[in-house]
Amino acid sequence: MAKAKTPGGRRTAGATPAGAQTVSVDTPAPKKRTSPVQFFSQVQAEGRKIVWPSRKETWITSVMVFIMVLLAAAFFFVVDFGLSAISQRILAIGS
């Protein structure tokens, strides 16, 4: 692959192409340490923001999970039964 040349035909060391911008990276500011008292007050403030589900929402969600588990168990039972029947027929051919 051929290297691109500058309009003058020569590359100059350290030169940037026209329209190119240089990017400077700022060093991150050092993190402040929080005191244990301040930490626990922040934990309490976040704890007050939690919206707990109602008893009805918890019941409905639990029932839905139970139904999905039953559906998955039935599906895998049918697939397992079908695959075992197919494998037994294939193995019976060799006997």
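**Patches, pairs and exposure in a predicted model**

Tutor: In this predicted model, W59, I60, M64, I67, M68 and L71 make a nonpolar surface patch of about 650 Å².

Student: Where is M64 placed?

Tutor: M64 sits in helix α2, which covers residues 55–93.

Student: Why is M64 called partly exposed?

Tutor: Its relative accessibility is 45%. Buried means under 20% and exposed means over 50%. The value for M64 lies in between, so M64 counts as partly exposed.

Student: How many aromatic pairs does a search of the whole structure find?

Tutor: The search finds three. One of them joins F75 and F76.

Student: Why is the pair of F75 and F76 called edge-to-face?

Tutor: The ring centres are 5.2 Å apart, and a pair needs centres within 6.5 Å. The planes stand at 70 degrees, and over 60 counts as edge-to-face, so the label holds.

Student: Is F76 buried or exposed?

Tutor: F76 has 55% relative accessibility. The cut-off is over 50%, so F76 is exposed.

Student: What makes the pair of F77 and F81 stacked?

Tutor: The planes of F77 and F81 are 20 degrees apart, and under 30 counts as stacked. The centres lie 6.3 Å apart, within the 6.5 Å limit. Both residues are exposed.

Student: Why are F77 and F81 separated by about one helical turn?

Tutor: Because they are four residues apart in helix α2.

Student: How do you know that K49 forms a salt bridge with E46?

Tutor: Their closest N and O atoms are 3.2 Å apart. The limit is within 4 Å, so the contact qualifies. Side chains of opposite charge can pair when their charged atoms come close. A search of the whole structure finds one salt bridge.

Note on methods: Residues are numbered from 1 along each chain as its sequence is written. This is a predicted model: local features need pLDDT of at least 70, side-chain atom pairs count only at pLDDT 80 or more; totals for chains, interfaces and linings use all residues. Side-chain values use heavy atoms; hydrogens and water are left out. Patches are made of residues with over 30% relative accessible area and no salt bridge: like charges are joined within 9 Å, nonpolar side chains (Val, Leu, Ile, Met, Phe, Trp, Tyr) within 5 Å. Accessible areas come from the Shrake-Rupley method with a 1.4 Å probe; for residues, only the protein chains shown count as cover. A salt bridge is a side-chain nitrogen of Lys or Arg within 4 Å of a carboxyl oxygen of Asp or Glu. Helices (H or I, at least four residues) and strands (E, at least two) are DSSP runs, numbered from the N terminus. Buried means under 20% relative accessible area, exposed over 50%, partly exposed in between (1.4 Å probe, protein chains only). Rings of Phe, Tyr and Trp (its six-membered ring) pair if their centres lie within 6.5 Å; planes under 30 degrees apart count as stacked, over 60 as edge-to-face and the rest as tilted.
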